[in-house]
Amino acid sequence: MLDSEYSVREIADHLGIAPAAVHTLARAARRTLSLFGAYPVLVKRRHREEAGA
């Protein structure tokens, strides 16, 4: 699952890659960010922004 306003298909089409590759790259990015403790912070920040806080 991507945390984005764009669909996997839209991202894949824009980048010229397969949707499966988008999933793989997003998973690798989340894994890398979580190693540094950044991913949970980004998710919390996004939820606050969506709630209008």
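The exercises below, with worked solutions, concern a predicted model of a protein.

**Exercise 1.** State how many helices and strands the protein has, and give the order of its elements.

Solution. The count is 3 helices and 0 strands. Read from the N terminus, the order is α-α-α.

**Exercise 2.** Compare the span of helix 2 with the expected value, and describe the glycine that follows this helix.

Solution. Helix 2 contains 17 residues. After helix 2 comes Gly 37, with a positive phi near 75 degrees.

**Exercise 3.** Classify Ala 26 and Ile 17 as buried, partly exposed or exposed, and locate each residue.

Solution. Buried means under 20% relative accessible area, and exposed means over 50%. Ala 26, in helix 2, has 13% relative accessibility and therefore counts as buried. Ile 17 lies in the loop between helix 1 (8-15) and helix 2 (19-35). Its relative accessibility is 30%, so Ile 17 counts as partly exposed. As for separation, Ala 26 is 18 residues from Val 8 in sequence, and their C-alpha atoms are 9.9 Å apart in space.

**Exercise 4.** Describe the surface of the protein, including the nonpolar patch that contains Ile 17.

Solution. The accessible surface is about 4300 Å², and carbon and sulfur atoms account for 60% of this area. Of the 53 residues, 9% are buried. Ile 17 forms a nonpolar surface patch with Leu 15 and Leu 25. Together these residues have about 270 Å² of accessible area.

Note on methods:
Residues are numbered from 1 along each chain as its sequence is written. This is a predicted model: local features need pLDDT of at least 70, side-chain atom pairs count only at pLDDT 80 or more; totals for chains, interfaces and linings use all residues. Side-chain values use heavy atoms; hydrogens and water are left out. Helices (H or I, at least four residues) and strands (E, at least two) are DSSP runs, numbered from the N terminus. Buried means under 20% relative accessible area, exposed over 50%, partly exposed in between (1.4 Å probe, protein chains only). Accessible areas come from the Shrake-Rupley method with a 1.4 Å probe; for residues, only the protein chains shown count as cover. Patches are made of residues with over 30% relative accessible area and no salt bridge: like charges are joined within 9 Å, nonpolar side chains (Val, Leu, Ile, Met, Phe, Trp, Tyr) within 5 Å. A salt bridge is a side-chain nitrogen of Lys or Arg within 4 Å of a carboxyl oxygen of Asp or Glu. The expected span of a helix is 1.5 Å times one less than its number of residues.
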